[in-house]
Amino acid sequence: MATEEHSEGLVFHPMDQFVVKPLFGSAGDPVHWYTITNVTLWMFLTIVAISALLVLGTRGRAVIPTKLQSVAELAYGFIYKMVEDVAGRDAVRFFPYVFTLFMFIVMSNFLGLLPTAFTTTSHLAVTVILALAVFLTVTITGFVLHGSKFLGLFWVSSAPLAIRPVLAVIEVISYFVRPVSHSIRLMGNMMAGHAVIKVFAAFAPLILLSGVGVLVTPLSILAITAMYALETLVAFIQAYVFTILTCVYLKDALHPSH
Amino acid sequence: MAGNTDTHAVAEAGHGAADAAAHGGGDAVGMPQLDFSSWPNQIFWLIVTLVVIYFILSRVALPRIASVLAERAGTVTNDIAAAEELKLKAQEAEDAYNQALADARAEANRIIGEAKAEIQAELDEANAKADAEIAARTAESEKAIADIRANAVASVEEVAKATAAEIVAALGGSADASTVDDAVQSQMKGA
């Protein structure tokens with residue numbers, strides 16, 4: 001059959017883009033913790049992009065800012081206001097930390113949208129560490145600032161006494177589920193969109209192989225474009241969501257009373 | 001037919017992918033996210049990256065942006081204050097101008113009044129002088145007229161006496177001069 005010959009050209013490897021592999025040497029080399037991999041490359045590019053925006057962009061220190069400086073100031077003001085509004089005025093000392101998280105995630109997400117890029121934030125290893133860092137920061141800050149009173153976070157004093165123990169159990173569970181949802185939300189969003197784009201992309205060359213390609217190829221290209229637009233939105237929204245949740249959790253640490 | 005071809009193609013492609021994954025070196029098997037052998041590598045580089053970004057931001061970028069924003073806020077505040085001050089100054093200048101205008105008007109009125117009074121005084125004086133002169137001239141003229149009249153009367157008397165004496169003589173009478181004079185004088189008085 002003719003279709004069997006054609007179909008050899010159509011390849012579906014939507015998950016290949018997420019493979020961690022050494023940057024130098026052959027493909028089968030083992031990945032040690034110190035190996036320079038594509039993860040290293042794209043994290044390095046993230047640092048470069050952030051430095052270009054926030055350090056090079058502001059080197060003029062102009063009172064009337066350039067375009068790049070405006071973007072840097074906008075990002076600064078956006079996160080500063082978020083920390084201040086959501087977590088309170090005394091949370092401002094965590095601002096550099098929150099801003100680091102936001103800039104890393106938003107830059108990684110956007111760099112990951114470049115064709116052939118590796119999206120570091122689509123990996124559970126990365127988002128788990130980010131979420132655990134927030135979880136530990138919040139828990140340690142809470143206990144350092146409030147001692148055992150921090151446990152009042154789980155004791156809903158506004159509820160009737162009888163159901164407080166039940167609520168406490170639920171609160172404790174939800175507290176420990178936070179880093180899980182926090183990390184999987186980001187990773188899942190980034191992975192799914194990129195995989196879907198890859199699937200559509202695999203359909204795109206069908207016009208070279210088969211008659212139905214006349215219909216499928218334009219549709220898949222349209223779908224890729226639409227998904228790309230959606231992913232651009234998602235890239236920012238997920239960074240925003242991660243950051244604002246970080247602020248919400250920080251608020252618990254600083255003001256644990258309900 | 002078309003749908004049939006499509007499903008074939010997809011099935012074949014899926015088969016091909018599985019094949020490639022089975023013997024291809026770096027190809028994905030399942031979710032690479034769950035391949036825990038790459039976790040130490042990712043976590044190590046993530047921590048390095050986050051520490052680097054944190055230091056770049058907290059040491060360089062954030063203080064710089066904060067100072068720029070503070071400087072801008074200061075500049076804007078200063079500019080607004082300066083504008084306020086300039087506005088006040090402009091208000092003062094306008095007031096001073098209006099005051100000066102009012103003063104100048106009053107001064108002008110005063111000067112006009114003074115000039116009018118002076119002119120009036122001069123005019124009065126000139127009028128008085130002219131009146132006096134006119135009066136003097138009139139008096140002089142009247143005196144001259146009176147003289148002329150007196151002379152004329154004397155001349156008439158003389159002529160009348162001489163004429164009377166001549167007439168008397170012509171009529172054949174003789175009259176003495178004093179009689180004629182008396183007669184003429186009494187006639188002239190009567191006239």
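1. Let us begin with a term: accessible areas come from the Shrake-Rupley method with a 1.4 Å probe, and for residues only the protein chains shown count as cover. The accessible surface of chain A is about 12,300 Å², and carbon and sulfur atoms account for 75% of that.

2. A word on the ground rules. This is a predicted model, in which local features need pLDDT of at least 70 and side-chain atom pairs count only at pLDDT 80 or more, while totals for chains, interfaces and linings use all residues. Residues are numbered from 1 along each chain as its sequence is written, chains are lettered from A and ligands numbered from 1 in the order in which they are written, and side-chain values use heavy atoms, with hydrogens and water left out.

3. Now the build of chain A. Chain A has seven helices and zero strands (helices are DSSP runs of H or I, at least four residues; strands are runs of E, at least two; both are numbered from the N terminus). The radius of gyration of chain A, 23 Å, is well over the 18 Å that the globule rule gives for 258 residues, so chain A is more spread out than a compact globule. That radius is taken over C-alpha atoms, and the rule is 2.2 Å times the number of residues to the power 0.38.

4. How much of chain A is buried? Of its 258 residues, 50% count as buried, where buried means under 20% relative accessible area, exposed over 50%, and partly exposed in between (1.4 Å probe, protein chains only).

5. Next, look where the chains meet. In chain B, 48 residues are in contact with 59 residues of chain A, contact meaning heavy atoms within 4.5 Å. The two chains bury about 4,800 Å² between them; buried area is the accessible area (1.4 Å probe) that two parts lose on being put together, summed over both. B:Gln33, B:Gln42 and B:Arg64 supply 14% of the area that chain B buries against chain A, more than any other three residues.

6. Two loop residues of chain A deserve a look. Most residues other than glycine have a negative phi. A:Arg61, between helix H2 (38–56) and helix H3 (67–87), has a positive phi of about 45 degrees and is partly exposed at 43%. A:Thr116, between helix H4 (95–112) and helix H5 (124–146), has a positive phi near 70 degrees and is exposed at 77%.
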